[in-house]
Amino acid sequence: MNDRNIPVTEDELHAYVDGELPAERRADVEAWLAAHPDDAERVQSWRTMAEMLHARYDSVAQESVPARLELERLERRPRQWLYGAAAAVLVAFVAGGTAGWVAHGAANAPSTFQRLTADALDAHRLYVVEVRHPVEVGGNERDHLQAWLTRRCGWTVFAPNLEASGLKLVGGRLLPGPSGPASFLMYEGASGERYTIYATKTETGATQMRYARTDKDEALFWAERGVGYVVSGGGDRERLTKVAQAVYDQVEKSGT
């Protein structure tokens with residue numbers, strides 16, 4: 001039996017936007033939105049963001065999950081992966097020259113750069129299209145998210161504060177890396193733009209910044225203290241560089 005006085009939950013609002021709300025509850029939600037303009041405004045912003053994401057990424061959303069991102073890999077014995085195709089896909093990469101981003105150790109082997117960047121861009125393209133389930137743990141649980149990923153990944157995972165760059169932490173998830181777990185953090189701007197930070201252990205101690213691009217998505221890679229980082233975004237290299245620099249600076253200050 002329906003009761004129109006029952007408050008509408010956040011999950012119901014998301015289900016309404018996604019077209020997944022049970023038919024018998026739809027009229028109640030619409031009545032609620034008519035009486036609660038703040039919620040109506042949120043719903044409209046979600047719809048606008050969803051339309052923008054679908055317009056840009058629908059073709060990607062129809063693709064199958066890349067084998068390298070299957071969670072079963074976390075249980076497999078590490079092995080060597082060949083990424084000859086990645087070299088052809090990563091159109092351009094150059095050494096970064098920004099002050100402070102200077103290598104402290106041996107130069108990074110191209111295969112490491114290609115492997116981690118390919119994984120990071122695949123993950124970015126796969127999850128930025130999600131409106132309702134882009135992450136496993138939400139940004140409102142920042143401390144829990146950092147502790148959980150730190151425990152699973154084996155190094156201190158730090159979620160930078162990027163509000164100065166106009167980005168809010170959406171949350172994160174655990175992913176398989178080339179030879180073990182990888183952390184994956186997602187951030188979102190007011191216009192719906194999304195940036196992600198992918199990190200996993202690497203044999204390379206430290207490197208300078210390197211740039212990669214696949215289609216409309218771009219990434220900046222570096223390694224520090226045996227962990228490789230890839231910050232991914234789309235469309236604006238200057239904006240990506242500023243975001244990556246903010247991530248780099250905060251990770252350095254955190255000592256992770």
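Me: What does the accessible surface of the chain come to, and how much of it belongs to carbon and sulfur atoms?
Reply: The accessible surface is about 13,200 Å², and carbon and sulfur atoms hold 50% of it. Accessible areas come from the Shrake-Rupley method with a 1.4 Å probe, and for residues only the protein chains shown count as cover.

Me: Where do these coordinates come from, and how are residues numbered?
Reply: This is a predicted model, in which local features need pLDDT of at least 70 and side-chain atom pairs count only at pLDDT 80 or more, while totals for chains, interfaces and linings use all residues. Residues are numbered from 1 along each chain as its sequence is written, and side-chain values use heavy atoms, with hydrogens and water left out.

Me: How many helices and strands are there?
Reply: The chain has seven helices and seven strands. Helices (H or I, at least four residues) and strands (E, at least two) are DSSP runs, numbered from the N terminus. Along the sequence, their pattern is α-α-α-α-α-β-α-β-β-β-β-β-β-α.

Me: What share of the residues is buried?
Reply: Of the 256 residues in the chain, 47% are buried. Buried means under 20% relative accessible area, exposed means over 50%, and partly exposed lies in between (1.4 Å probe, protein chains only).

Me: Changing topic, how many salt bridges does the structure hold?
Reply: The structure holds 10 salt bridges. A salt bridge is a side-chain nitrogen of Lys or Arg within 4 Å of a carboxyl oxygen of Asp or Glu.

Me: Which side chain does Arg 25 meet?
Reply: Arg 25 forms a salt bridge with Glu 12, at 2.8 Å from N to O. Arg 25 belongs to helix α2 (residues 23-35) and Glu 12 to helix α1 (residues 10-18), 13 residues apart.

Me: Are those two buried or exposed?
Reply: Both Arg 25 and Glu 12 are buried. Together with Asp 28, Glu 12 and Arg 25 are linked in a network of salt bridges.

Me: And what does Arg 239 pair with?
Reply: The side chain of Arg 239 meets that of Glu 193 in a salt bridge of 2.8 Å, N to O. Arg 239 lies in helix α7 (residues 237-254) and Glu 193 in the loop between β3 (181-189) and β4 (194-201), so the pair ties together parts 46 residues apart in sequence. Glu 193 is partly exposed, at a relative accessible area of 27%.

Me: Which residue meets Glu 252?
Reply: Arg 225 meets Glu 252 in a salt bridge (3.4 Å, N to O). Arg 225 sits in the loop between β6 (217-224) and β7 (227-234), whereas Glu 252 is in helix α7, 27 residues apart.
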